[in-house]
Amino acid sequence: MLVQCCVCGRIRKDAKWVAAKEVASQNIQISHGYCPACAAKAFAEIQKIHQSEEPSTVGAALTA
């Protein structure tokens, strides 16, 4: 099973992330995740959102 980045489309092959066109796609199952670069961007955006929220809003969302 191959893992494809859900943002940029690169595929993990032998512990490296390569362009999808470099991998043959005949009858191969694909799972989706994040490559390290896209994961870093996504986590930074999530952290930015959480830091900008008021503490009472975050607490209320967690208990609801």
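Which residue in strand 4 is the bridge partner of L2? I looked this up in a predicted model, and I found that L2 has I30 as its bridge partner in strand 4.

Entry on the chain as a whole. I counted four strands and two helices in the protein chain, and when I read along the sequence I noted the pattern β-β-β-β-α-α. Of the 64 residues in the protein chain, I saw that 19% are buried. I also looked up the accessible surface, which comes to about 5,300 Å², with 55% of it belonging to carbon and sulfur atoms. For contacts with a separation of 6 or more, I noted that residues 24 or more positions apart account for 49%.

Entry on strand 1. I followed the side chains along residues 2-5 and found that L2 and Q4 point one way while V3 and C5 point the other way.

Entry on the partners of strand 1. I found strand 1 joined to strand 4, residues 30-33, by four bridges, and these two strands run parallel. To strand 2, residues 11-13, strand 1 is joined by two bridges, and here the strands run antiparallel. On that side I noted that Q4 stands opposite I11 of strand 2.

Entry on the hairpin. Which residue between strand 1 and strand 2 takes a positive phi? I looked through the five residues that lie between the strands of this hairpin, and I found that G9 has a positive phi near 90°.

Definitions and conventions:
Residues are numbered from 1 along each chain as its sequence is written. This is a predicted model: local features need pLDDT of at least 70, side-chain atom pairs count only at pLDDT 80 or more; totals for chains, interfaces and linings use all residues. Side-chain values use heavy atoms; hydrogens and water are left out. Buried means under 20% relative accessible area, exposed over 50%, partly exposed in between (1.4 Å probe, protein chains only). Two strands pair if DSSP finds at least two bridges between them. Contact means heavy atoms within 4.5 Å. Accessible areas come from the Shrake-Rupley method with a 1.4 Å probe; for residues, only the protein chains shown count as cover.
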